[in-house]
Protein chains: 2
Amino acid sequence: IAHIYPNSETPVKALDPRAAALDTFERRHMGPSEKDQLEMLKTIGFESLDELVTSTVPANIRLEEPMELGSHTSAAMSETEALSLLRSMADKNKVLKSLIGQGYNETHTPYVILRNMLENPGWYTAYTPYQAEISQGRLEMLLNYQTLVTELTGMEMANASLLDEATAAAEAMSMCVALSKNGKKKGAMTFFADAQCHPQTIAVVKTRCEALGIDVVVGDATSADLGDACIGVLWQYPNTRGDVVGDAAGVSARAHDAGALSVVAADPLALTLLPAPGTFGADICVGSMQRYGVPMGFGGPHAAYMATSEKYARRMPGRIIGETVEANERKGRALRMAMQTREQHIRRDKATSNICTAQALLANMAAAYAIYHGPDGLQDIARRCLGLAKAASSALNKAGIQASEPAFDTIVVKCDSASIAEKAEKAGFNLRVFGPDEVGLSFGETVTREDLVSILEDVFGVDAGDVDALADTSSVKGRNNLLPHAVFNTHKSESQMLRYLKQLEDKDLALNHSMISLGSCTMKLNATAEMIPVTWPEFSDVHPFAPREQTDGYVEMIASLNADLCKITGFDAVSVQPNSGASGEYAGLLAIRAYQQSIGEGHRNVCLIPVSAHGTNPASAVMAGLKCVIVKSDDDGNIDLEDFKAKAEKHKDNLSAIMVTYPSTYGVFEETITDLTRITHECGGQVYMDGANLNAQCGLTSPGTCGADVCHLNMHKTFCIPHGGGGPGVGAIGVNAHLAPFLPGHTVTAVDASTGDSRGSESAVAAAPYGSSLILPISWMYIKMLGAQGLARASAIAILNANYMAKRLEDAYSVLFRGANGQCAHEFIIDLREFKKAGVVEEDVAKRLQDYGFHSPTMSWPVPGTLMIEPTESEDRAELDRFCDALLAIRAEIKDVEDGAVKLEDSPLHHAPHTMDDVVTDDWDRAYSRETAAFPLPYVKDSKFWPTVGRVDNVHGDRHLICTCPPVSVYEE
Amino acid sequence: IAHIYPNSETPVKALDPRAAALDTFERRHMGPSEKDQLEMLKTIGFESLDELVTSTVPANIRLEEPMELGSHTSAAMSETEALSLLRSMADKNKVLKSLIGQGYNETHTPYVILRNMLENPGWYTAYTPYQAEISQGRLEMLLNYQTLVTELTGMEMANASLLDEATAAAEAMSMCVALSKNGKKKGAMTFFADAQCHPQTIAVVKTRCEALGIDVVVGDATSADLGDACIGVLWQYPNTRGDVVGDAAGVSARAHDAGALSVVAADPLALTLLPAPGTFGADICVGSMQRYGVPMGFGGPHAAYMATSEKYARRMPGRIIGETVEANERKGRALRMAMQTREQHIRRDKATSNICTAQALLANMAAAYAIYHGPDGLQDIARRCLGLAKAASSALNKAGIQASEPAFDTIVVKCDSASIAEKAEKAGFNLRVFGPDEVGLSFGETVTREDLVSILEDVFGVDAGDVDALADTSSVKGRNNLLPHAVFNTHKSESQMLRYLKQLEDKDLALNHSMISLGSCTMKLNATAEMIPVTWPEFSDVHPFAPREQTDGYVEMIASLNADLCKITGFDAVSVQPNSGASGEYAGLLAIRAYQQSIGEGHRNVCLIPVSAHGTNPASAVMAGLKCVIVKSDDDGNIDLEDFKAKAEKHKDNLSAIMVTYPSTYGVFEETITDLTRITHECGGQVYMDGANLNAQCGLTSPGTCGADVCHLNMHKTFCIPHGGGGPGVGAIGVNAHLAPFLPGHTVTAVDASTGDSRGSESAVAAAPYGSSLILPISWMYIKMLGAQGLARASAIAILNANYMAKRLEDAYSVLFRGANGQCAHEFIIDLREFKKAGVVEEDVAKRLQDYGFHSPTMSWPVPGTLMIEPTESEDRAELDRFCDALLAIRAEIKDVEDGAVKLEDSPLHHAPHTMDDVVTDDWDRAYSRETAAFPLPYVKDSKFWPTVGRVDNVHGDRHLICTCPPVSVYEE
Ligand SMILES: Cc1ncc(COP(=O)(O)O)c(C=O)c1O
Ligand SMILES: Cc1ncc(COP(=O)(O)O)c(C=O)c1O
Ligand SMILES: O=C([O-])O
């Protein structure tokens with residue numbers, strides 16, 4: 001079929017830039033050359049890509065017509081064309097200096113961090129640090145981040161980031177459910193939110209509470225009667241108007257007295273000056289680290305933090321980096337992910353949080369910012385913000401305009417807000433409008449003296465006077481002994497910072513070194529051209545609540561992206577608001593619930609979930625207020641259709657939804673998918689498709705074609721947003737028309753109709769109207785540069801690559817689960833359980849792969865004792881071959897053990913990975929050679945990647961939870 | 001003195017962004033914190049920086065007043081301020097699509113190369129690959145480059161780049177002087193240049209010939225009588241009008257018949273289609289690689305290439321990368337600089353070329369571009385250019401407008417050029433104006449179909465017709481079997497390219513890993529903020545011959561830079577045209593010569609040069625037509641004043657100039673500098689100062705203050721332009737008023753008066769009016785962000801760092817040459833000659849330093865058997881200490897040998913550097929441990945840098961010159 005493979009009859013358009021056919025984006029994005037594709041097809045027994053696809057994708061869901069895109073053109077654009085079209089959109093954004101505040105402030109990203117971290121594939125193409133030994137760089141930076149948060153908040157421990165401040169507050173609320181003494185009285189629980197929290201935070205908490213049947217009471221936390229059902233009190237510090245309550249300890253005490261927890265949403269820059277929440281009884285502290293050097297980007301991505309006390313550690317959602325030791329004799333210090341979304345794995349349907357992908361890259365940027373500035377520098381910046389606010393307040397009051405006394409960077413001014421905002425805009429500033437007669441001004445790092453004078457004189461028409469004197473903050477000491485750790489007091493020159501970043505980067509295996517074939521994660525190329533617009537100021541410097549007239553460019557780009565995604569998914573509407581796949585699941589299930597409520601079916605509360613589902617699925621279902629019912633799999637890895645039918649039938653009256661991943665998490669295009677969707681609909685349920693595996697579908701089939709009603713897209717998988725070492729992500733959701741009115745809305749800015757319908761404020765699932773807007777251009781570029789045909793070919797080649805590898809490996813390993821005609825989809829599982837009897841476990845193989853220069857595939861998920869391999873279309877044949885060679889060589893090493901030729905303790909498998917330390921040591925006492933340890937195949941030497949620590953000791957790490965940098969006393973030795 | 005060290009009384013301007021005092025650029029640029037500075041001062045016996053400076057810089061040249069800058073403000077700007085001021089200038093450049101051609105074409109820099117090479121400190125902060133074992137990455141890429149050039153030209157060998165096409169042609173002319181049979185008849189020599197060469201090339205050749213007394217004859221190379229004094233024939237292929245002579249072999253034959261060499265200036269993109277110059281008798285081939293992915297940048301920097309036959313190899317100027325073997329048992333393949341500016345080192349005053357810094361980074365970009373596109377891709381691009389030109393020509397001719405038939409990408413059209421150029425500009429295009437009734441159109445890679453249609457319809461008012469059919473080039477086969485080497489046929493996907501670039505980068509030690517204390521090279525921080533504007537399209541996409549009205553931004557920036565440099569140097573005028581320090585020397589000496597001619601002193605032709613001078617000095621003098629007379633040094637490393645006086649006196653009547661480096665190449669502030677300048681002037685000579693060491697002078701003294709008349713500034717040393725692994729560079733020259741009229745001019749664009757006076761076309765020393773304009777923003781940013789005081793402090797801290805290190809090392813090593821009060825300047829020399837009796841030579845120390853993670857200081861220059869250490873102000877104390885610790889540990893290793901405790905062959909010194917291969921081998925038979933080999937001090941393990949090959953065998957490399965990639969047959973095994 002012509003739409004899958006280039007037709008040789010296609011006339012060459014000699015002058016078309018795309019006719020320089022060898023320099024198409026498609027050619028750059030795909031790994032195997034056309035020649036290699038043909039040879040690989042031959043290896044697996046096919047003549048053409050299309051034949052392979054026909055044999056792999058069930059006929060009943062195969063697209064009948066070539067896919068088209070929804071905006072501009074379906075044809076592929078060159079890098080230049082796509083960038084210039086995008087540039088024309090970017091230019092429609094009007095970038096004013098934003099003093100809106102409300103959780104978002106302008107900040108300087110130090111250039112050394114910008115170029116060497118945010119724009120550096122060594123940092124942005126890494127995955128979540130599952131393989132600790134080759135991830136010590138970002139693990140160290142995340143530990144720095146946790147230490148920073150812990151110190152700023154005065155709490156005992158912090159996690160390695162959450163999605164945004166608003167969802168972090170919602171996560172805190174969920175912790176309160178579990179932790180509060182009042183939690184028992186379910187159904188009757190209330191959650192109190194101070195009225196002076198940021199409105200988007202209250203909105204997101206409300207959305208979350210509503211699904212759980214928890215009442216949110218909004219009022220004055222210093223005085224309201226909390227009642228006896230209150231599980232938590234959320235309050236902002238300084239609050240959204242810039243004030244700090246007089247008796248902070250009193251608020252916490254009142255919460256505690258009521259049996260509730262005190263949840264403080266605090267500004268981390270203010271915390272360099274103001275007393276830490278830990279000193280006034282906070283139980284959980286959350287906030288946004290955006291102003292620590294991360295561009296506003298129209299709302300995201302940024303890292304949110306969460307900190308709590310040690311006793312609540314195991315209730316904290318998200319990932320926590322912790323210290324452990326090497327499992328070898330050395331017992332050297334090593335870092336690892338100590339905890340992550342535990343409940344999802346352990347108590348799936350009891351999970352209280354669905355967080356998975358977080359904001360690692362942005363957390364790392366924030367940590368780097370703090371390291372570069374150091375405690376003195378941070379306090380310097382904070383003092384300037386305070387000084388500006390003070391000067392503004394004084395000058396205004398002196399001129400008879402009533403302005404609040406700032407606790408930190410924000411003041412509220414009485415005035416005719418409409419006319420003042422208009423004058424401000426003319427002078428180049430955005431202010432916050434609080435109503436007809438108040439505006440807010442938040443002074444961030446980038447505000448200059450000249451800006452202040454202009455605001456006073458041009459906007460308010462008052463005499464600026466001696467602003468320097470008015471801004472004097474010399475008496476403001478700030479917190480004592482802040483951040484005494486060496487790392488925050490060392491890297492002060494740019495050379496030092498550059499080298500520190502480089503030193504960490506070098507410890508981490510990322511896509512710029514070799515393939516990362518993590519099944520279900522789709523670690524494809526993150527092309528440079530896609531990354532270019534991310535750091536255009538026209539995208540990065542826009543406040544999420546900037547007046548709508550200033551954001552035409554963003555809205556146009558998002559509308560274009562959504563239109564394309566509609567075509568790709570076969571749906572009618574899309575929302576890009578969710579900040580991760582898991583958030584998308586939650587948002588999608590909420591849409592289903594709201595729809596069902598709207599048609600009088602609000603009682604439907606059962607969610608069918610296949611046993612093979614990702615842990616986020618049941619967790620999201622719980623968060624959406626659903627009861628999970630698990631559906632079995634058959635031996636071929638398919639959903640057990642009989643079990644499914646029985647359960648659907650049984651829960652018919654209350655069936656809300658089924659969640660199904662397609663192709664399945666086992667990497668199979670299940671033939672029964674249309675039966676499944678049909679039966680679900682017959683039983684009155686809706687079909688939620690988990691789109692993590694969409695990379696096998698694009699242009700070949702679609703969620704819509706399969707009969708799904710809603711689907712989330714991990715844009716950080718299929719659509720090229722880099723994983724950043726554990727986030728950011730975008731979990732856009734697509735829906736059928738009947739669900740469109742129930743897509744997430746927003747309380748501050750109406751979500752534009754052209755970009756997805758809104759159902760108003762109570763439905764927001766993220767702090768910003770369009771979520772992580774700043775990284776959407778990445779996906780937009782990808783789609784535009786591949787075009788409709790290219791997208792289809794990407795899926796086809798992803799399938800080809802997986803099948804080629806499966807073929808190469810199948811004699812050595814048993815490949816589990818294949819489709820009806822014997823093909824896997826875009827990923828496949830190899831079974832290692834048979835080696836267990838020889839003592840070799842999956843971890844041995846995963847760690848040994850590091851010696852061969854490779855990141856392990858997904859380990860023990862979805863099937864324990866297996867590896868799931870997903871090469872993606874971007875890996876070339878030679879790389880696939882090297883990886884297969886490595887796995888085959890490892891198989892031979894296993895065989896030596898199986899045969900008894902080598903004892904397990906004498907096998908390199910057992911000791912893997914091997915560090916420099918290991919092989920350079922003077923007392924080598926292994927049964928195998930050092931060269932076998934470090935250079936097991938010839939190609940390895942060409943670009944040896946050294947794990948920096950030996951195999952980490954997980955048990956030790958779990959038993960001794962240390963998740964901040966070593967205390968300063970360590971350095972004092 | 002307040003201008004050296006911050007006065008504690010300085011009032012803090014609380015709101016000034018700079019008042020966030022901890023985040024000034026100065027703080028980021030300097031290595032040692034203020035606290036460390038004070039402690040280091042104490043270590044060397046001073047109370048303050050100013051006291052150190054007073055004791056170091058002779059009083060009679062110390063600036064009396066604080067230095068000021070010449071433009072905007074003398075105060076330091078923040079990164080943001082400086083960038084926004086520069087942005088306002090950039091916005092004044094008007095970026096049109098340039099079809100001017102004439103040696104410069106628009107090109108797409110593939111983003112993967114842009115981000116991972118041009119914007120990546122791992123590539124741009126490396127130095128010339130003097131230490132081969134830790135430079136195999138860029139050596140490999142340069143070998144790729146040489147292979148590319150060799151293949152394209154069909155010549156036997158190529159060098160690793162020259163400065164630009166015009167100077168490359170002049171270098172070729174110099175080769176002709178040495179190689180032509182007619183060379184003997186000196187004085188009577190002529191050099192023939194075809195009139196259809198690019199005019200800027202002819203101009204630069206003329207400048208060069210004039211100084212040497214060689215007549216340039218411009219005419220028709222296909223027919224002119226060459227006479228019997230002709231040493232070479234330079235002709236362009238395709239020529240500047242886009243034509244190719246019918247009988248190419250005939251032109252070469254005529255040259256050969258006349259006893260001259262055939263020098264072909266060829267377009268490397270055209271060479272993918274047209275027959276190679278090697279096939280028609282070319283002896284030397286030169287050209288610009290700009291259109292291989294390097295932005296035009298208003299003229300530079302770009303790599304020029306030179307290729308010749310093997311028999312002329314040792315006459316080829318510049319650096320050549322060659323293959324050799326490891327000196328160890330392994331004898332593995334290794335790369336090194338096989339030859340470089342040999343004459344400068346060996347036959348100093350007989351040198352025919354002064355080339356030193358070249359264009360490594362740009363050559364590497366060009367090679368990467370060719371690798372990414374591959375032979376097919378390059379031919380594809382070339383065919384498109386040809387197709388566009390053909391279509392334009394056909395459509396115009398069809399419409400009755402006379403247009404030439406293109407040989408490649410360029411056509412000449414008969415028309416009213418003024419009105420057509422105006423229409424073109426309106427439509428967004430720049431054309432080349434050949435006179436009142438001709439315009440030229442060169443179609444580069446970026447021209448689109450729409451552009452062509454617009455040019456035909458909007459500019460020429462003709463019907464575009466079926467341009468696709470007109471552009472058909474399917475019959476143009478292009479050259480057969482072009483670039484068959486594996487490297488040009490492998491890295492086709494972006495992932496592959498990314499990994500290849502990363503793999504090479506990882507082999508090279510650059511400033512992002514550790515200090516590179518190369519004396520005389522000033523390897524200071526190249527700050528990211530300085531690099532940011534380099535890739536702004538408003539700077540990078542400007543054609544050097546764009547109409548003057550379009551380049552206001554550039555001219556304003558350059559004028560500002562020049563004004564600042566005047567203040568810094570104490571001079572009256574500056575030219576930034578020279579593309580390297582050595583070019584600056586040559587330009588400066590030419591200015592002196594022209595001045596002397598203008599006052600009737602044209603007979604003055606003696607140049608005094610201290611024996612300690614850098615090899616480029618005598619070479620430049622020779623090129624300027626001067627006779628070198630060498631002046632001795634005394635035992636303290638100072639110029640022997642008696643010898644100097646005697647020689648100045650002796651040559652009084654013919655004394656043209658003295659060249660003096662200050663502080664001296666020995667790192668000493670000679671007290672006698674003012675005597676020397678005075679006496680020179682008294683003898684009627686001019687003082688040329690080599691400003692390579694200006695980093696010790698800024699704001700403390702100045703060339704002008706010392707009495708110099710002219711000085712070149714290595715902007716790639718003092719003013720932060722990164723060395724790029726061996727270039728680019730800018731060798732701006734500053735002059736006193738009387739020399740200002742003799743600064744280099746330009747033949748195409750008048751050099752703007754505000755940016756340096758012009759003396760017209762015959763005085764150009766580079767192809768582009770402002771040389772390497774694109775990298776001037778780097779220096780501009782540096783100066784603006786440090787401000788006048790910061791510049792002074794940079795010099796003071798550079799002096800502090802050097803003296804601190806000298807102090808730490810002086811008990812272990814003898815430190816040669818210090819100033820009157822016992823201080824060195826910004827660098828110092830340690831003597832290793834005393835270890836020779838124990839068999840330990842300087843190379844052992846240099847290579848052993850690699851095991852400690854450091855790049856060796858400058859080895860055996862200016863004094864054989866020594867190391868010259870220049871830390872620069874950007875290195876922090878801990879880094880200085882680590883380096884000193886390494887040298888002290890090495891000293892202990894030397895002592896073991898001296899003492900007989902360890903035999904030389906048993907010492908790690910002898911076997912250094914140690915590769916992974918070495919220490920991981922199973923048969924380790926050394927007397928020391930593997931750990932001693934690889935991790936000789938504890939800090940090394942934290943970020944081990946592995947040399948990728950063992951010590952290279954220089955002798956083998958010299959004997960077996962292999963300077964292209966292995967032939968394809970190698971891969972066929
Ligand atoms: C099948 C599946 N569903 C959902 C998710 C959750 O996505 P996210 O990590 O973006 O929240 C994942 C993540 O890997 C996944 O593999
Ligand atoms: C003292 C001295 N003069 C001149 C030069 C030549 O400068 P360039 O390499 O820029 O041509 C150098 C180069 O290092 C040098 O050290
Ligand atoms: O390149 C140098 O001569 O330092």
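Visitor: How much area do chain B and chain A bury between them?
Guide: This is a predicted model, in which local features need pLDDT of at least 70, side-chain atom pairs count only at pLDDT 80 or more, and totals for chains, interfaces and linings use all residues. Residues are numbered from 1 along each chain as its sequence is written, chains are lettered from A and ligands numbered from 1 in the order in which they are written, and side-chain values use heavy atoms, with hydrogens and water left out. Buried area is the accessible area (1.4 Å probe) that two parts lose on being put together, summed over both. Of the area between chain B and chain A, 54% is on carbon and sulfur atoms, and the total is about 7000 Å².

Visitor: How many salt bridges does the rule find across the interface of chain B and chain A?
Guide: A salt bridge is a side-chain nitrogen of Lys or Arg within 4 Å of a carboxyl oxygen of Asp or Glu. One pair that meets this rule is Lys941(B) and Asp917(A), at 2.6 Å from N to O. Across the interface the count is ten.

Visitor: Which helices does the salt bridge of Arg808(A) and Asp881(A) tie together?
Guide: The side chains of Arg808(A) and Asp881(A) meet at 2.9 Å, N to O. The two residues lie in separate helices, so the pair ties together parts that are 73 residues apart in sequence. Helices here are DSSP runs (H or I, at least four residues), numbered from the N terminus. The helices are α25 (residues 776-809) and α27 (residues 877-898) of chain A.

Visitor: Is Asp881(A) buried or exposed?
Guide: Buried means under 20% relative accessible area, exposed over 50%, and partly exposed in between (1.4 Å probe, protein chains only). Arg808(A), at 25%, counts as partly exposed. Asp881(A) has 17% relative accessibility, so the residue counts as buried.

Visitor: Against which helices do the buried residues of α3(B) pack?
Guide: Six of the eight residues of α3 (residues 49-56) of chain B are buried, so this helix is largely enclosed by the rest of the structure. Among the buried ones are Leu49(B), Leu52(B) and Val53(B). Contact means heavy atoms within 4.5 Å. The packing partners are α2 (34-43) and α25 (776-809) of chain B.

Visitor: What is the distance from a polar side-chain atom of Thr357(A) to an oxygen atom of ligand 1?
Guide: A residue is near a molecule if one of its heavy atoms lies within 4 Å of it. Thr357(A) is among those that come nearest, of the 14 residues around ligand 1. The distance from its polar side-chain atom to the ligand oxygen is 2.6 Å.

Notes. Polar contact = N/O pair within 3.5 Å; in protein donor to acceptor, adjacent residues only side chain to side chain.
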